[in-house]
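Subject: Structure handover

Hello,

Here is the structure we spoke about. Please open it first, then read the notes below.

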Amino acid sequence: MRRIVVLSGGIGGARFLRGLRQAAPEADITVIGNTGDDIHLFGLKVCPDLDTVMYTLGGGIHEEQGWGRAGETFAVKEELAAYGIEPQWFGLGDRDLATHVVRTQMMGAGYPLSAVTEALCQRWQPGVRLLPMTDDRVETHVVIDDGDGGRRAVHFQEYWVRLRAAPEAHAVVPVGADKATPAPGVLEAIQAADVVVFPPSNPVVSVGTILSVPGIREAIADAGVPVIGLSPIVGDAPVRGMADRVLAAVGVRATAAAVAQHYGSGLLDGWLVDTVDADAVEVVEADGIRCRAVPLMMTDVEAAAAMAGEALALAREVRPA
Ligand code: GDP
Ligand code: CA
């Protein structure tokens, strides 16, 4: 299990990766990051999930919050608000802002997001190879009622941050994904992998968005290596956040078993559920996915490392001889 590929969103993926790096210090880890959450704000290109991975693994994350920079200040945000500039609901910090300035400047000079991400990682040294899922623009939109008998689509960040996922989500659409191509190195990493891991990231708007880029799902299914997932749902609710709201939009119940069934045995070989969901093991195995119940709460790096160790052990168990 030397070459490990992980499909990651923000917090759930990043915290898992920190554990994986500790559990497998010799491994060569490639992270395929979700970019469907990306948004343009004040002329700047913001990539929340890539940055959460980069800051978490690089030691710059706001630890309790799980996103954004440690020791952050919000002077620029306050000044923008004083001018009455919208949107004011997105927490753009001063330190964080520098990342977006560098990114936007490089992209303006013609560098693709993958090259920009590599350059930003020169500073953070995350200890993994961090690739965006695509260099093309993909934006996740959520379809909600417009309050006038019709429906409208809002950017995922508006749904998640401004509306706090309160309106019912009728659909989740990765706009642009159908015409996107995987970023350089993505398919190659999957083809060369010894194991592919779905961390406890959001199955719809993180892992699901990555899988919606044409070619990625197929490459994983065809790679002939174990594909192991960890449930972000513990005790029939997301550990944090509002994943249940977007799972409902795709007709999936917020249970560890239902998420495994959503990925399906065509993609997943192994699935880890929390010990409180031990009842799910039989249900998931009946669907042809090897399943184990182990502690899945990432209370600290050691706990995340233990989870990563369990995922690799399950991979060795299901690996075709
Ligand atoms: P986001 O992009 O920042 O929302 O992060 P991800 O998509 O990577 O992960 C979000 C998911 O992580 C949520 O659905 C949470 O339920 C899950 N999560 C967060 N902390 C934990 C944890 O300690 N254990 C497990 N099993 N899942 C977690
Ligand atoms: Ca995200």
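Start with Tyr83. Tyr83 sits in the loop between helix H3 (75-82) and helix H4 (94-108). Keep in mind that this is a predicted model. Is Tyr83 buried or exposed? Its relative accessibility is 67%, so Tyr83 counts as exposed; the cut-off for exposed is over 50%. Together with Phe42 and Ile85, Tyr83 forms a nonpolar patch on the surface. The accessible area of these three residues together is about 320 Å².

The peptide bond leading from Glu86 to Pro87 is cis, and its omega is near -5°. For context, most peptide bonds are trans.

Now the strands.

There is an open sheet of 3 strands, in the order E7-E6-E8, with antiparallel pairing. Strand E7 (151-155) and strand E8 (171-175) are at the edges. Each has a single partner strand, so one side of each has no neighbour in the sheet. From one strand to the next, the twist averages 30°. Strand E6 (residues 139-145) is joined to E7 by 5 bridges, and the two run antiparallel. To find the pairing on screen, look for Asp145, which stands opposite Arg151 in E7.

Strand E10 (residues 227-230) pairs in another sense. How many bridges join E10 to strand E9 (residues 195-198)? There are 3, and the pairing is parallel. Val197 stands opposite Ile228 in E10. E10 also pairs with strand E13 (residues 270-273), again in the parallel sense and over 3 bridges. Here Leu230 stands opposite Leu272 in E13.

What covers the picture of E10 is burial. Both of its faces are covered. Val227 and Gly229 lie on one side, Ile228 and Leu230 on the other, and all four are buried.

Last, two backbone items to look at. Most residues other than glycine have a negative phi. Gln125 has a positive one, near 45°, and is not a glycine. Where is Gln125 found? It is in the loop between helix H5 (113-124) and strand E5 (129-132). Gln125 counts as exposed because its relative accessibility is 55%.

Arg164 is the other item. Its phi is positive too, at about 50°, although Arg164 is not a glycine. Arg164 lies in the loop between helix H6 (156-162) and E8. With 61% relative accessibility, Arg164 counts as exposed.

Best wishes

Key:
Residues are numbered from 1 along each chain as its sequence is written. Chains are lettered from A and ligands numbered from 1 in the order in which they are written. This is a predicted model: local features need pLDDT of at least 70, side-chain atom pairs count only at pLDDT 80 or more; totals for chains, interfaces and linings use all residues. Side-chain values use heavy atoms; hydrogens and water are left out. Two strands pair if DSSP finds at least two bridges between them. Axes are lines fitted to C-alpha atoms, for helices over the stretch in contact, and angles run from 0 to 180 degrees between N-to-C directions. Patches are made of residues with over 30% relative accessible area and no salt bridge: like charges are joined within 9 Å, nonpolar side chains (Val, Leu, Ile, Met, Phe, Trp, Tyr) within 5 Å. Accessible areas come from the Shrake-Rupley method with a 1.4 Å probe; for residues, only the protein chains shown count as cover. A salt bridge is a side-chain nitrogen of Lys or Arg within 4 Å of a carboxyl oxygen of Asp or Glu. Buried means under 20% relative accessible area, exposed over 50%, partly exposed in between (1.4 Å probe, protein chains only).
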